[in-house]
Amino acid sequence: MDIKRVKLYDADPNVLRAFQNSNVEFIVAIDNGKVASVMDPTKARAWIEENVKPYLPQTLITSITVGNEVFSGSDTSVYQALKELGLDKQVNVTTAHSFAILSSSFPPSSGTFRPDLAEYLQPLLNFHAEIKSPFFINSYPFFAYKADPSGISLDYALFRPNSGVRDPNTNFSYDNMLYAQIDSVYSAVKAMGHSDIDIRISETGWPSKGDSDEFGASLENAATYNRNLLKRISMGQGTPMKPSVPIDVFVFALFNENMKPGPSSERNYGLLYPDGTPVYDLGLQQDYQPTYFASSSTSRTTVRRISNVFPLVFSQGDLDFTCRASFFPLRRRQLPSFSRCS
């Protein structure tokens, strides 16, 4: 398996320099703390001139994500800045959203966004369709199972053999929750007038450990979820609603975040412990050994070990990485914050 894409949660210069002339595609990010400032077109252009333009074309930066689980009008200003700089044909713009923006996700054909978010989502979807950029969603079957372990089949959540769930409107049968969640987002997007936008899963995963009330968080379940997901992706599968479109999934995460606050599960999504030893066997040892890198706060970058790769990306049988060279961002589990789209 080859590393073909890396998704950063920032735009660390040491990482971008480390991958010059590597043929690895990069997604860089404007972090949440800077999203409001880049609504100003001048500041958006300045951010691109500092964090993107200097590394092209040696580093293949293909996309900018504007924050994580936030709404703003910054996507438009960033895109306009790219156009002014003549970079809009090689770098697109998107952002990642919490699954909590849906008011209904079952059956998948009846997926809808929350009505109170329509004023934010409609212009955003129009924007994605216009510039042909994907819609990113963070999707975790673990959270659905944890909230209702008596009502949701663990086999269904973990891609294990099960009787499946049928959508009464389409007659499509779903043998796993992730595919149903993806199709519910397609339906929600279609309900707002668009069938021309790709849906990609920007985060998914399963914790190997949790608190006593975090049902399903275990080493066995985490290994099962990621192994089975990898098998599905290696088959080039699409969802029942989009069978010819292979799923595109970013798996959270490569490393456990041992200093992260919150429930125990939040510190235990990784495939590796912070010292690099495996939490469990994903079944890649014989076929794939990743090249590790580390960056420091100085201008010198030692190509040696990934100090904070975050998370893995699986796509059509290729194993790719997303990473951050400075620190692990905190993943928020509450509803996203919102500011008005312009």
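In this predicted model, helices α3 and α4 pack with their axes 8 Å apart and at an angle of about 60 degrees. Because angles from 65 to 115 degrees count as roughly perpendicular and those under 35 as roughly parallel, this value makes α3 oblique to α4. The crossing of α3 past α4 is right-handed.

| Helix | Residues in the contact |
|---|---|
| α3 | P41, A44, R45 and I48 |
| α4 | S77, V78, A81, L82 and E84 |

By class, this contact has 6 nonpolar, 1 polar and 2 charged residues.

Helix α4 spans residues 74-84, and its buried residues are S74, D75, S77, V78, Y79, A81 and L82. The elements covering them include α2 (32-35), α3 (41-51) and α5, together with β2 (25-30), β3 (60-68) and β5 (92-98). Just after α4, G86 has a positive phi of about 70 degrees.

In soluble globular proteins, nonpolar side chains tend to be buried together. The largest nonpolar core here has 56 residues, and the members touching the most others are I101, F113, F135, I137, W206 and L229. Among the elements that each supply at least two residues of this core are α5 (118-131), β8 (135-138), α8 (177-191), β11 (199-204) and α9 (219-234). Helix α8 gives the most, with 9 residues.

Beyond its neighbours within four places in sequence, F113 contacts I101, L102, S103, L121, L125, F135, A188, V189 and M192. Another core, of 32 residues, lies apart from the largest one and includes A11, F19, F26 and A44.

Note on methods. Residues numbered from 1 in each chain as written. Predicted model: local features only at pLDDT ≥ 70, side-chain atom pairs only at ≥ 80, totals over all residues. Heavy atoms only, no water. Core = buried A, V, L, I, M, F, W, Y, C linked by side-chain atoms within 4.5 Å. Buried < 20%, exposed > 50% of the residue type's maximum accessible area, 1.4 Å probe, protein only. Helix = DSSP H or I, 4+ residues; strand = E, 2+ residues; numbered from the N terminus. Contact = heavy atoms within 4.5 Å. Axes fitted to C-alpha atoms, helices over the stretch in contact; angles between N-to-C directions. Parallel < 35°, antiparallel > 145°, perpendicular 65-115°, else oblique. Left-handed = near helix turned anticlockwise from the far one by under 90°. Nonpolar A, V, L, I, M, F, W, Y, C, P; charged D, E, K, R; others polar.
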